Amino acid sequence: MIAFQLKRSSRDLVGHAVLILFPLILIFFFDYLYKNISIETGMGMGGQSRITALAIGFALTFQIYGSAISFETLAEDLYSPMHDRIFSSPVEIRSIILSILVSSTVVSFLQTSILLVFSSIILGASFPSLPLVLLVLLVSVVFNQLLGTVLLLLTGGVKTANMVTTIYGSIVPMTVGLYFPLPQTEFFRILRLFGTPMGLANTASLAVMEGQHRLFLICFAVLVILIALLFFCLRPLVRRISR
């Protein structure tokens, strides 16, 4: 079933291209912009290059939009005429949802990995401790896919889930200083480092590249706890639509 969902997802070539090429363009644009206005990104990149910090930041940002891979597919199955066929089949709805989540996670993580490869080859970004960075990015993908699915099942409509994730994806990068530097106060420092799931993933990624393993473990552990909470919320929602 997962193989079928992967094949199904692979048909959206335009969507995949947008989620890979558009962030790459934005990384190049913001790097050029920061060079010419002589300010630094507000992401607290430490000893990492600006292009590396931007690559991580935009990879995490577009993972949020990539959550649509799962919840739009689920909406086609659960909130369209396909619904009756799905529920009359011998396959459990939980298995269908799980297969869509797994396949969407694989696709979104591949998009993120390709973006990092392009950033490295084309823009010269470097990623120390790459396996651990990829682990953080994978956990971030899982969180976003679960979040989109929970939103869909809570609201019962793809439009609301799309609106919420779009607003979230527009505002949260600002809180980590991706688009512009934040005020140098303790409140904004804590907000940037720990205030959002994207901030936690960004902090964990930059921390592990800097060798700050304690900070990495704290942020990583909180992300895992958030995933567990979303999974806990998902179970009653699945039972509700299965009735």
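Tyr65 comes out as partly exposed, because its relative accessibility is 27% (partly exposed sits between buried, under 20% relative accessible area, and exposed, over 50%, with a 1.4 Å probe and protein chains only). Keep in mind that this is a predicted model, where local features need pLDDT of at least 70, side-chain atom pairs count only at pLDDT 80 or more, and totals for chains, interfaces and linings use all residues. Residues are numbered from 1 along each chain as its sequence is written, and side-chain values use heavy atoms, with hydrogens and water left out.

Tyr65 belongs to helix 3 (helices are DSSP runs of H or I, at least four residues, numbered from the N terminus). Leaving out residues up to four places away in sequence, Tyr65 touches Leu19, Thr165, Thr166, Gly169 and Ser170 (contact means heavy atoms within 4.5 Å). A polar atom of the Tyr65 side chain lies 3.2 Å from the backbone oxygen of Gly169.

Now for the helix pair. The axes of helix 3 (residues 50–66) and helix 8 (residues 158–175) come within 9 Å and cross at roughly 170° (axes are lines fitted to C-alpha atoms over the stretch in contact, and angles run from 0 to 180 degrees between N-to-C directions). So helix 3 is roughly antiparallel to helix 8, a label for angles over 145 degrees.

Next, look at Asn144 in helix 7 (residues 130–155). Asn144 counts as buried because its relative accessibility is 5%. Beyond its neighbours within four places in sequence, Asn144 contacts Gln63, Ile64, Ser67 and Tyr168.

Terms used: Helix = DSSP H or I, 4+ residues; strand = E, 2+ residues; numbered from the N terminus. Parallel < 35°, antiparallel > 145°, perpendicular 65-115°, else oblique. Polar contact = N/O pair within 3.5 Å; in protein donor to acceptor, adjacent residues only side chain to side chain.
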